[in-house]
There are 2 protein chains.
Amino acid sequence: MTNAQTEEEFLSKYNLKDYPSVGVTVDLSVFTIRDGELSILLIERGGHPEKGKWALPGGFVETTEDLFTAASRELEEEVGLTLDESYLEQLQTYGNPNRDKRGYIVSVAYVALVPHISGVTAGSDANNAHFFNVDEVLSDDFELAFDHRQIITDGLERVRAKIEYAPIAHHFLTDDVFTMSELRKVYETVWGVDLTPSNFRRKVQSVKGFVETVKASAKSNRQPALYKAGDAEVIYPPLQRGGIS
Amino acid sequence: MTNAQTEEEFLSKYNLKDYPSVGVTVDLSVFTIRDGELSILLIERGGHPEKGKWALPGGFVETTEDLFTAASRELEEEVGLTLDESYLEQLQTYGNPNRDKRGYIVSVAYVALVPHISGVTAGSDANNAHFFNVDEVLSDDFELAFDHRQIITDGLERVRAKIEYAPIAHHFLTDDVFTMSELRKVYETVWGVDLTPSNFRRKVQSVKGFVETVKASAKSNRQPALYKAGDAEVIYPPLQRGGIS
DNA sequence: TCAAAAGTGTTGACTCTACACCCATGT
DNA sequence: ACATGGGTGTAGAGTCAACACTTTTGA
């Protein structure tokens, strides 16, 4: 218990003026492909609200940093990956007044695509951090903290939709050079479909700037050609979900 | 100046616990079509920060309401339109620490599409409310408050992209029955292109659930056929920006 | 030598654009 | 009657899915 003070001192201390103040967190849906399965990083909550449940990594934004900066800081703290090695974009903001028992806490959700890494560093207020199969996480009997089921559902749909028209799928790959099969398997895993290899390659190569050939194959197979990401910012015309019939 | 109190009372009063508190606003990009021009609602700021500049309508969220609810409340307060008469979706959240001189204030931006209405009710802290041509607003010599130029730019791109694949263009129209020409003119105005009437109609009608015929034309023209929005949630395959070559 | 994976070629179905053309009505 | 705008028909270009086929190497 502290001493008595004037309201003005508190307003200054908490950076309050004439508007209501709320808590703002960033929460990350960190997707990766692990053993051919689309997976997401969850952290077992160690702190009070929702203690013991699995939750998205994240934390409160500091009032000196941009939201994107806060998200990339969390990514580095909780996953140990820098922006160079991953992809990060804002998803949506969630602000139902009942979503957090501590009060009115708004969550700015981000989606990250990262290559699979074995060692995940658990955050300070977390007991445990682990990658889970996404389908498993979204099944009915998997208990998630807060409204994180909704955030994950939205994030998954964003990823599935966005790789259609944005060249970001390669962020799932460990190396920055890759084969056409590796790239195709990313799409097959994320969409949960089979794609015809020949048509996939043709489509990818027909989009200017999607991939660049690094090393041609030794005439053909068993030493497959290597590619790296090109400089295109959009895939046009987009790839199509759905796969073979 | 108030009396001395304990910190706990303040923490309770301001709903603070062990996390930093920030201000959260919702800001609306309200688009309409006025005299064949894509227009956006701006309000001349009457209050302190950025006083006299034009800004997006919006305000602080109350800690008892959902973000979407806050946005629709602002829409009703500042434009006088209900959700039934308009379209509202979350755009993105902006949280640069320097974006507002009052402190760390995060803005959750929404985009609204509304039919053109003549009387716009100015909010309490506003001198003046007015619809402006979007191109004029985004020209270099138009002074906007905060980071609202960026928000408007992002909102405009969202609208231009979204009408390709979501059946929301009809929210720009005053009546809920409309002619094919009226719908086409919405697309032409938003995209700033000319579209071939015949192909546009064929495309629209080929998408199941995009529009329903309300009244067939009196065999053909001068009493054009009337349509209303169908029950489709997406336009697939999407319409294409670009128009005639 | 055979299986597996890379990569090419081809065909039929579908789609889109451009443009010609027809139709009905208000003036 | 004719200009105007709604609406239909169609030919050519392009795209896509499916699938057969060739090539190369590891086992």
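Modeller: Start with a network of salt bridges that links E62(A), E65(A), R73(A), E74(A) and E77(A). A salt bridge here is a side-chain nitrogen of Lys or Arg within 4 Å of a carboxyl oxygen of Asp or Glu. Side chains of opposite charge can pair when their charged atoms come close. This is a predicted model, so local features need pLDDT of at least 70 and side-chain atom pairs count only at pLDDT 80 or more, while totals for chains, interfaces and linings use all residues; side-chain values use heavy atoms, without hydrogens and water. Residues are numbered from 1 along each chain as its sequence is written, and chains are lettered from A and ligands numbered from 1 in the order in which they are written.

The whole structure holds 30 salt bridges over all chains. One of them joins E164(A) and R241(A), at 2.7 Å from N to O. This pair links distant parts of the chain. E164(A) sits in helix α4 (residues 148-165) of chain A, and R241(A) in the segment after β10 (226-229), 77 residues apart. Helices (H or I, at least four residues) and strands (E, at least two) are DSSP runs, numbered from the N terminus. E164(A) is buried, at 19% relative accessible area. R241(A) is partly exposed, at 34%. Buried means under 20%, exposed over 50%, and partly exposed in between (1.4 Å probe, protein chains only).

Now chain B. K162(B) forms a salt bridge with E89(B), with the closest N and O atoms 2.7 Å apart. K162(B) lies in helix α4 (residues 148-165) and E89(B) in strand β5 (residues 87-94), so the pair ties together parts 73 residues apart in sequence. E89(B) counts as buried, at 10% relative accessibility. D147(B) and R99(B) also meet in a salt bridge, 2.8 Å from N to O. D147(B) is in the loop between α3 (134-138) and α4, and R99(B) in the loop between β5 and β6 (105-113), 48 residues apart. R99(B) is buried, at 8%.

Look at strand β5 in chain A next. There, 7 of the 8 residues of β5 (residues 87-94) are buried, so the strand is largely enclosed by the rest of the structure. It runs antiparallel to β6 (residues 105-113) of chain A, joined by 7 bridges. Two strands pair if DSSP finds at least two bridges between them. In this pairing, E89(A) has V111(A) as its bridge partner.

Then come the rings. There are 10 aromatic pairs over all chains. In one, the rings of Y187(A) and W191(A) have centres 5.1 Å apart and planes at 65°, so the pair is edge-to-face. Rings of Phe, Tyr and Trp (its six-membered ring) pair if their centres lie within 6.5 Å; planes under 30 degrees apart count as stacked, over 60 as edge-to-face and the rest as tilted. Both residues lie in helix α5 (residues 180-191) of chain A, 4 residues apart, about one turn of the helix. Y187(A) and W191(A) are both buried. W54(B) and F132(B) are edge-to-face too, at 4.8 Å centre to centre and 70° between the planes. W54(B) is in strand β3 (residues 54-55) and F132(B) in strand β7 (residues 126-133) of chain B, 78 residues apart. In chain A, W54(A), F132(A) and F142(A) form one aromatic cluster.

Last, the setting. Chain A has 6 helices and 10 strands. Of its 245 residues, 51% count as buried.
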